[in-house]
Amino acid sequence: MSEGEGGQLDWRRPSPRLLTLRRVEVAAVAVPLAVAASVVLAFSAAWAAAAGGVAVLALGGLAEWIARRRVRAWRYAERDDDLLVQRGLLFLRLSVVPYGRMQFIDVTAGPFERSFGLATVRMHTAAAASDARIPGLERAEAARLRDRLAELGEAQAAGL
Amino acid sequence: MKGADGWHRLSPVSPVVRAGRAAIAIAILILPTVLRGGADLARDAPQVAVVGVLLVLGFVSWLVTRWRIEEDDLRIETGLLRRQSLRFPLAQVQAIDVVRPGLARLFRVAELRLRMAGATGATARLAYLPEREVEPLRALLLDLAHRGVSDTPPEEQGEERVLASVPTGRLAASILLSDVGFFAIAIFVGLIVTAVEAPAAAAGAFGGGAVWVVGGLTMLWRRFNQEYRLTVAEAPDGLRLRSGLVALTAETIRPGRVQAVRMVEPFVWRRLGWCRLEVDVAGHQRRKGEGEAQRAPLRAVLPVGSRALAGELLARIVPDAPAERLRPPRRVLAKSPLRYRFLSFGRNERCVVTTTGRIRRVTVWVPLAKVQSFRRVQGPLQRRLGLASLHLDTAGRSVHANLRDRRVEEADEALEALVPLARAARRAR
């Protein structure tokens, strides 16, 4: 489906600031760890301290590469009757959630997300397994999506 | 018991029945001690006190609990210190159960349970009501629930038609041949072997094994008690299931509330041509971080029966099940070798059926009108083999259809076809 209708579908992506946020998160873990590793290893030899620090930073670089690809993998599209959300690198997931099945929407923003002006929109259905989460939306876009989904959900609501 | 403003009380014997259950449980717990000759009443005093306290608490809870029907809601008020007022919209009722445990039957009372839909999926419980009030109340609640959904009055209480019932001999045999049964048999055989081989050690083993024996017997008993003489009947107000030896259960599942149907065929049963048919209704689901214990077992429409009988029942519950089944490609053998021989799926305009299982065969039917969302998932191994899985999520408690390990083109095609079909099915109702 994603391929077949790819041409007509208006795929949107999370804000580019999400990538910045993920990078900051990776750095916030990697840099202190690298420093700690250097300090601990400095008791044995100077070269070991340098090597340890570099190794941890290299791991951080790897994490950044994964985070970048994961952020790029997120995309979503609003169709007439349902919302498509695609995500995942290793496990590729495509969710199709009909608006009529929507029970409620929540918009959450953690402290980090908030400082970047971002929010996560999540659609809930009566099935716990349904998985329609879009992270890293700019606040205005999150509000627009929430209102639109709520409106469409109400218009197409179906019972259990 | 009726008070002012239409408020009702529960039956005054409820506290006795509730405490009585605890008394039996404690009696079972202290039985091994008594049998071993350690009838030390002083040591059991705390347990007796517990029953007393339960009795008092039960009485207080009875005093402060009242319920009434307010237009389309059932309202229950309870709690002494933390006052709760619970509102249950009748339009969301999925099924109504009438449960009569052994003690409750002695006192001629019964518990009424309303199973609700929704994310919280709470169950409204009225424990206990006088037996003669329960049946009219059940009918009234179902009637109100029905009216909430559509304005057409329900058909008059027509005669119910019995669809199937389970012979006791077969039920007993099937339980002994199930996983629980094998477990119990293993314990007994173990104990007997110990007794024969080392009579000296047997006494000790028996003491230690007593807990296991009691546990095993309870499990067998519970299963047997729950499914004894199960009768399925079709009535205008829904599917009626009745069963029980000591504790009687009568359940009414409203029409069109079945989210999914599952057929389980364990290894040994398959040799005998037996299967178990279960239905899933909307209710509490296990979300991330919740324990396994939260999940109640599914209600069996047919605890054990021939495939032909199950087929007949299925035709009643899911009228248009797809007949043809599509096998997965051979390369799936590399990914799931044990599942391969059972994997298949079928679809038509109304319903999807999938089969899976390693040792036991599990077949799931999901009406498209009940699908909540679709998920196409592809893991790394699947990508290498050109496979994908398509999940159909339902609001049921534990049954979901999974078109496991299909060719990518097939999965995409199914997704593309099923999404509009599900929409049409949803709107047709």
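This note goes through a predicted two-chain model, point by point.

1. **Conventions.** Residues are numbered from 1 along each chain as its sequence is written, chains are lettered from A and ligands numbered from 1 in the order in which they are written. The model is predicted: local features need pLDDT of at least 70, side-chain atom pairs count only at pLDDT 80 or more, and totals for chains, interfaces and linings use all residues.

2. **Chain B overall.** Chain B holds 12 helices and 19 strands. Helices (H or I, at least four residues) and strands (E, at least two) are DSSP runs, numbered from the N terminus. Of its 429 residues, 34% count as buried. Buried means that 20 or more other C-beta atoms lie within 10 Å of the residue's own; exposed means 12 or fewer, and partly exposed is in between, with C-beta atoms placed from the backbone. Among contacts in chain B with a separation of 6 or more, 58% come from residues 24 or more positions apart. A contact requires C-beta atoms, placed from the backbone, within 7 Å.

3. **The A–B interface.** Here 26 residues of chain B are in contact with 25 residues of chain A. On the chain B side, the elements giving two or more residues are strand 17 (371–378), strand 18 (387–394) and helix 12 (408–428). Strand 17 of chain B provides the largest share, 7 residues. By class, this side of chain B has 9 nonpolar, 8 polar and 9 charged residues. Ala, Val, Leu, Ile, Met, Phe, Trp, Tyr, Cys and Pro count as nonpolar, Asp, Glu, Lys and Arg as charged, and the others, Gly among them, as polar.

4. **Strand pairing between chains.** Strand 3 (residues 92–98) of chain A pairs with strand 17 of chain B in the antiparallel sense, over 5 bridges. Pairing needs at least two DSSP bridges between the two strands. A:Leu94 has B:Arg376, in strand 17 of chain B, as its bridge partner.

5. **B:Leu418.** This residue lies in helix 12 of chain B. B:Leu418 is buried, because 21 other C-beta atoms lie within 10 Å. Not counting residues up to four places away in sequence, B:Leu418 touches B:Arg347, B:Leu368 and B:Phe374. B:Ala369 is 49 residues from B:Leu418 along the chain, and their C-alpha atoms are separated by 11 Å.

6. **The six-stranded sheet of chain B.** In chain B, 6 strands form an open sheet in the order 13-12-11-16-15-14, with antiparallel pairing. Strand 13 and strand 14 (344–347) of chain B stand at the edges; each has a single partner strand, so one side of each is left without a neighbour in the sheet. On average, neighbouring strands of this sheet are turned by 15° against each other, direction ignored. Strand 11 and strand 12 of chain B run antiparallel and are joined by 6 bridges. B:Val261 stands opposite B:Val279 in strand 12 of chain B.

7. **Helix 9 of chain B.** Which residues of helix 9 (residues 307–317) of chain B are buried? They are B:Ala310, B:Leu313, B:Leu314 and B:Ile317. These cover an arc of only 105° around the axis, so they sit on the same side of helix 9 of chain B. The arc is taken over the directions from the helix axis to the C-beta atoms. On the other side of helix 9 of chain B, B:Ala308 and B:Ala315 are exposed. The buried residues of helix 9 of chain B pack against several strands, including strand 7 (161–165) and strand 8 (231–235) of chain B. Helix 9 of chain B lies across strand 11, strand 12, strand 13 and strand 16 of chain B, at about 145° to strand 13 of chain B. Axes are lines fitted to C-alpha atoms, for helices over the stretch in contact, and angles run from 0 to 180 degrees between N-to-C directions.

8. **Chain A domains.** The assignment for chain A gives domain 1 (16–71) and domain 2 (75–156); such bounds come from an automatic or database domain assignment. The C-alpha centres of the two domains of chain A lie 32 Å apart. Their contact takes 7 residues from domain 1 of chain A and 8 residues from domain 2 of chain A.

9. **The chain A sheet.** Chain A has an open sheet of 3 strands in the order 4-5-6, with antiparallel pairing. Its edge strands are strand 4 (102–108) and strand 6 (132–138) of chain A. Strand 5 (residues 118–125) and strand 6 of chain A pair over 5 bridges. Helix 1 of chain A packs on the sheet, touching strand 5 and strand 6 of chain A.

Technical notes:
Two residues are in contact if their C-beta atoms, placed from the backbone, lie within 7 Å.
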